[in-house]
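Biologist: Can you walk me through this one? Keep it short and plain, please.
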Amino acid sequence: MRSNFNFFSDEKFRSIFFQTLVIGLFALGIFFIVQTTAYNLEKRNIATGWRFLSDPAGFDISFSPFINFKSTDTHLDVYFVGVLNTLLVSFCGCIAATILGFLVGIIRLSSNWLLVRVAYIYVEFTRNVPLLLQIILWYSILIQLPRVKQSLEFLDTFFISNRGIYSPRPIFENGFSYVFIAFILALISSFIIRRWAKKRQDDTGQQFPVISTAFGLIILLPLFLFFILGSPMSFDYPALKGFNFKGGMVIRPEFIAMFLALTIYTAAFISETVRSGILSVTKGQREASASLGLKKSWIMRLIIIPQALRVIVPPLTSQYLNLTKNSSLGIAVGYADLVHGFGGISLNQTGQAIECMVIVMATYLTISLTISVFMNIYNRSIQFKEK
Amino acid sequence: MNDITESRKPPVATTGILGWFRMNLFSNWVNSLISLFVLYILYQFIPWILNWTIFAADFKYNFNGEEIINREMCSRVLDPENGGACWAIIYVRFYQFMYGFYPRDEVWRVNLSYIMLAVAVVPLLFDKFPFRKHFLKFTYVFPIIAFFLLNGGLGLDPVSTNKWGGLLVTLVLGCTGIALAFPLGIILALGRRSNLPVISMMCTLFIEFIRGVPLITLLFFGMVMLPLFLPEGIDMDGLARVLVAVTLFQSAYMAEVIRGGLQAIPQGQYEAARSIGLSYWQMNMKVVLPQAIRISIPSIVNTSIGLFKDTTLVIIVGLLDLLGIGRGALADTTWLGLAYEVYFFVSLVFFIFTFGMSRYSLYLEKKLKTGINMGAD
């Protein structure tokens, strides 16, 4: 027995000691940073607090499809426009990139040598060139389109020029809300029918034509109602007046460039995960289903894809997250997203860097977290359930 | 009736050139149609792109044999029908693309650093390199040499980092980011797996925070917030501030990759190391990390490719990397409108680096696979 017990050789004590030390150092560091920051802010006459959010912004935003933004609106409105623009391009990009990515991934496993090579070259080129460069390149292509006066016309309703794509804007009149409600109801009831049909098939083996029923409900029912109510919708057509188009709806080249670049870039990565996912399903599965006499398209849909999805979904989630974060590069072409509008112009005008950056970062964290949560729920629903 | 069954046709050839074509391009009519369509597109596209980039392109002289000094002298401006790319913009600006605005008298320092970088990195990549051990010693001291060589000091004239540009900035950001993020990533990965709840929680929060926000917000953080956090007297230049942001960003991704490697090490390795009396640090440094890093190197290379591409983001906060120099060239009124040449060239440079890195990562993966199989047998 040793008389002088060494505290440091006791694991419990050591662990508590180190953790306390780390917390102490961390707190000290925070304290130090807060002190210097407060001093620096005061010296540079930078205001603090959140009051600037309700000040008028004083600048215009060229692309705000959801909120009618005026320069007298506040910085808080700039924030909402930015969030919506970020979400819009991310959402469109995720959907398009998933479709293109699955297509290219499946093409890369096809038996046509030429097609496989072309897909391979596409994937290698887009993966190995910086996204920012691709965004700028698309933008520089789009702004070389003809000027407004010489814009390309399609059926006198769509106009493509270097200011963007102009198209008619639907105007919803009285009664259209019924059509919309019918559409929502149809969606919900199709979902319920699908569950019921699946349960019935599991119990009795009888099949039910879910897809055609759902198609009828979702498309035909609202369409029928639409005409019954006397087409309660009209269009506002764009018309050339002076130097620009008046009326209609416009999709700006900044948005198109962001959308194309994000889609094409992310799809290359998604195609790789799809390819490896499909390859991860063993050959025996394919052979077994073929020997059961399943059709080729059924083998893919009922046997291969459900198993491949288990491998595909986790990396797909991180691709969605990447795409959403990459949408912040819109600042390079002037797409008024969260970083450009609120984190860029508002920050420069108010000088309140800390507040603006905290809000921007917190928003991205929230978006990332939300996507993760939803994709994790989806992932859990497709994982192999052992009975 | 006693008919002789009709003799079957011989099976179609599946070998030889004809067989290959039949198997891979014309196996059924849908495939044949697709093949013909793709062939037609390629037939249209390949001659056009070759013509534009090489045969009809100007390199230094236009079709009149004059040396090109502005855009008006480019063949494609003089003769839009037949002229191809005007690479003269790259030729004239080549110095800027490589070194930025580094003083011409001192440019040997950059060239020497480029050569030393190759000497430092190549032996690191291939473990059968002759005298690798001695070269690796150089790899360790190279960053210090390069710092003084590029930055000045020790008798060399100082060159401010705002004169740096082009490939120099791209390589400095990429290499320094990767080199600094690697040890930081190891510490974060070990911290996240630590038994001490406070440390593991702090590392997890840091990693997830960095991974949840875009790099551009971290660059803004480095540019506009970092100066506010620092006491008076400590001044960091733009490149250093961006490097802080890039390193923090990369270290979080590196940590996750290394954590993956750590998780792949069987529990027995930890227990064995502990049972022969190694301390926590001895166990990690001598037993666990060497194995974990070995299996995570391909993924480390992959995240490094990501970082290398992401260095282009620094143009948004005003640094002039390769892409920044390219955009600068385009803003110059003498060269206005030659966007495709510039972006093509910049893409090509990036492609050479990143494609090389991705091939290397594939080579490592293959090597690792055979290595593990041999061990298991």
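Modeller: Domain bounds here come from an automatic or database domain assignment. Also keep in mind that this is a predicted model.

Biologist: Which domains does chain A get?
Modeller: The assignment for chain A gives domain 1 (7-42) and domain 2 (75-128 + 259-382). Taken over C-alpha atoms, the centres of domain 1 and domain 2 of chain A are separated by 40 Å.

Biologist: And what is chain B divided into?
Modeller: Chain B has domain 1 (13-38) and domain 2 (92-102 + 159-376). Over C-alpha atoms, 45 Å separate the centres of domain 1 and domain 2 of chain B.

Biologist: New topic. How many residues does the contact take from each chain?
Modeller: The contact takes 42 residues from chain A and 39 residues from chain B.

Biologist: Which helices of chain B supply at least two residues each to that side?
Modeller: On the side of chain B that touches chain A, H2, H9 (197-212), H10 (215-229) and H15 (339-376) each supply at least two residues. H15(B) gives the most, with 9 residues.

Biologist: What is that side of chain B like by class?
Modeller: The side of chain B that touches chain A has 28 nonpolar, 10 polar and 1 charged residues.

Biologist: Can we zoom in on one helix pair?
Modeller: Take helix H3 (residues 113-127) of chain A and helix H2 (residues 29-55) of chain B. Their axes come within 9 Å and cross at roughly 45 degrees.

Biologist: What does that angle make H3(A) relative to H2(B)?
Modeller: Oblique, because the axes of H3(A) and H2(B) cross at roughly 45 degrees. Angles under 35 degrees would count as roughly parallel, and 65 to 115 as roughly perpendicular.

Biologist: Which residues make the contact?
Modeller: From H3(A), they are A:Leu114, A:Leu115 and A:Val118. From H2(B), they are B:Ile34, B:Ser35, B:Val38 and B:Leu39. By class, the contact of H3(A) with H2(B) has 6 nonpolar, 1 polar and no charged residues.

Biologist: Stay on H2 of chain B. Is B:Ser32 in there, and is that residue buried, exposed or in between?
Modeller: B:Ser32 has its place in helix H2 of chain B. B:Ser32 counts as partly exposed because 14 C-beta neighbours are inside 10 Å. The C-alpha atoms of B:Ser32 and B:Phe344 are separated by 33 Å, and the two are 312 residues apart along the chain.

Biologist: Now the core. Which residues touch the most other members?
Modeller: The largest nonpolar core has 142 residues, and A:Ile135, A:Met258 and B:Leu219 touch the most other members. Helix H7 (residues 253-280) of chain A gives the largest share of this core, 15 residues.

Biologist: What is A:Ile135 in contact with?
Modeller: Leaving aside neighbours within four places in sequence, A:Ile135 is in contact with A:Ala257, A:Met258, A:Ala261, A:Leu329, A:Ala332 and A:Val333.

Biologist: What about B:Leu323, buried or exposed?
Modeller: Buried, because B:Leu323 has 27 C-beta neighbours inside 10 Å. The cut-off for buried is 20 or more. B:Leu323 sits in helix H14 (residues 322-331) of chain B. Beyond four places in sequence, the contacts of B:Leu323 are A:Leu132, A:Leu133, B:Thr312, B:Ile315 and B:Val346.

Biologist: Back to chain A. Where does A:Ser289 lie?
Modeller: A:Ser289 lies in helix H8 (residues 283-291) of chain A. A:Ser289 counts as partly exposed because 18 C-beta neighbours are inside 10 Å. Not counting residues up to four places away in sequence, A:Ser289 touches A:Leu294, A:Ile299 and A:Ile303.

Biologist: Let's do loops. Where is A:Asn174 found?
Modeller: A:Asn174 is in the loop between strand E4 (169-172) and helix H5 (176-204) of chain A. A:Asn174 is exposed because it has 9 other C-beta atoms within 10 Å.

Biologist: And which loop holds B:Phe131?
Modeller: The loop between helix H6 (107-125) and helix H7 (132-151) of chain B. B:Phe131 is exposed, with 8 other C-beta atoms within 10 Å.

Biologist: What is its phi?
Modeller: B:Phe131 has a positive phi of about 55 degrees, although B:Phe131 is not a glycine.

Key
Residues numbered from 1 in each chain as written. Chains lettered and ligands numbered in written order. Predicted model: local features only at pLDDT ≥ 70, side-chain atom pairs only at ≥ 80, totals over all residues. Axes fitted to C-alpha atoms, helices over the stretch in contact; angles between N-to-C directions. Helix = DSSP H or I, 4+ residues; strand = E, 2+ residues; numbered from the N terminus. Parallel < 35°, antiparallel > 145°, perpendicular 65-115°, else oblique. Contact = placed C-beta atoms within 7 Å. Nonpolar A, V, L, I, M, F, W, Y, C, P; charged D, E, K, R; others polar. Core = buried A, V, L, I, M, F, W, Y, C linked by C-beta atoms within 7 Å. Buried ≥ 20, exposed ≤ 12 C-beta atoms within 10 Å, placed from the backbone.
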